Amino acid sequence: MRFQYSTSGPSQDEFDSLPRIPLTIRYNNQQLDVVGLVDSGATVSVLPYEVGLQLGGRWDERRANLRLAGNLGRSQAMPFFVMATIGDFTPVRLAFAWVNVANAPLILGQTNFFMEFDVHFYRSRLEFEIDPKS
């Protein structure tokens, strides 16, 4: 399935375009349509605090034991698992580091988005392709 690179706002142009993908995530009886940044340089997938709350997650300081790097290196994070659907692909279980940071991006990283999907980037064409793992 192919997707176009996109911007996050009207004031941006193609140089600001990034590989973003719409997906539906489910946790217990809650479901949300979100957009995630497909980031091959991210070690883990990141779930924003607000999204976890909207899904009915309960923050637990005792479980906030994941260490992150980069811009989120000083943030607390805890494991959070959802079922995710992209297009008409079979739903998959995705693992996230749920961060206690306002306005964090939803990032789809190596653990475990890239373990569930093969991703091909075509930056010169401003598009990318994903396929479920074989």
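Analyst: Phe114 sits in helix H2, residues 113–116 (helices are DSSP runs of H or I with at least four residues, strands are E runs with at least two, both numbered from the N terminus). Before we go on: this is a predicted model, where local features need pLDDT of at least 70, side-chain atom pairs count only at pLDDT 80 or more, and totals for chains, interfaces and linings use all residues. Residues are numbered from 1 along each chain as its sequence is written, and side-chain values use heavy atoms, with hydrogens and water left out.

User: Good. Is Phe114 buried or exposed?

Analyst: Phe114 counts as buried because its relative accessibility is 18% (buried is under 20% relative accessible area, exposed over 50%, partly exposed in between, with a 1.4 Å probe and protein chains only).

User: And what is Phe114 in contact with?

Analyst: Skipping neighbours within four places in sequence, Phe114 is in contact with Val38, Asp39, Ser40, Leu108, Gly109, Val119 and Phe121; contact means heavy atoms within 4.5 Å.

User: What about positive phi in residues other than glycine?

Analyst: Asn103 is one of them, with phi near 65 degrees. Asn103 lies in the loop between strand E6 (92–99) and E7, and it counts as exposed because its relative accessibility is 70%. Leu126 also has a positive phi, about 55 degrees, without being a glycine. Leu126 belongs to the loop between strand E8 (117–122) and strand E9 (127–132).

User: Now Phe80. Where is it found?

Analyst: Phe80 is in strand E5, residues 77–85. With a relative accessible area of 3%, Phe80 is buried. Beyond its neighbours within four places in sequence, Phe80 is in contact with Tyr27, Leu47, Gly52, Leu55, Gly57, Leu94, Ala95, Phe96 and Trp98. Phe80 and Ala42 are 38 residues apart in sequence, and their C-alpha atoms are 17 Å apart.

User: Which residues are closest to its centre?

Analyst: Of the 14 residues lining the largest pocket, Ala42, Val46, Ala69, Leu72 and Ile107 are closest to its centre.

User: Last one, the overall fold. How many helices and strands are there?

Analyst: The chain has 2 helices and 9 strands, running β-β-β-β-α-β-β-β-α-β-β from the N terminus. The radius of gyration is 15 Å, close to the 14 Å from the globule rule for 134 residues, so the chain is as compact as a globular protein of that length. That radius is taken over C-alpha atoms, and the rule is 2.2 Å times the number of residues to the power 0.38. Of the 134 residues, 45% count as buried.

Note on methods: On a 1 Å grid over the protein atoms alone, a cavity is a set of points where a 1.4 Å probe fits but cannot get out, and a pocket is an open set with protein on both sides within 12 Å along at least five of seven lines; lining residues have an atom within 4 Å of a point.
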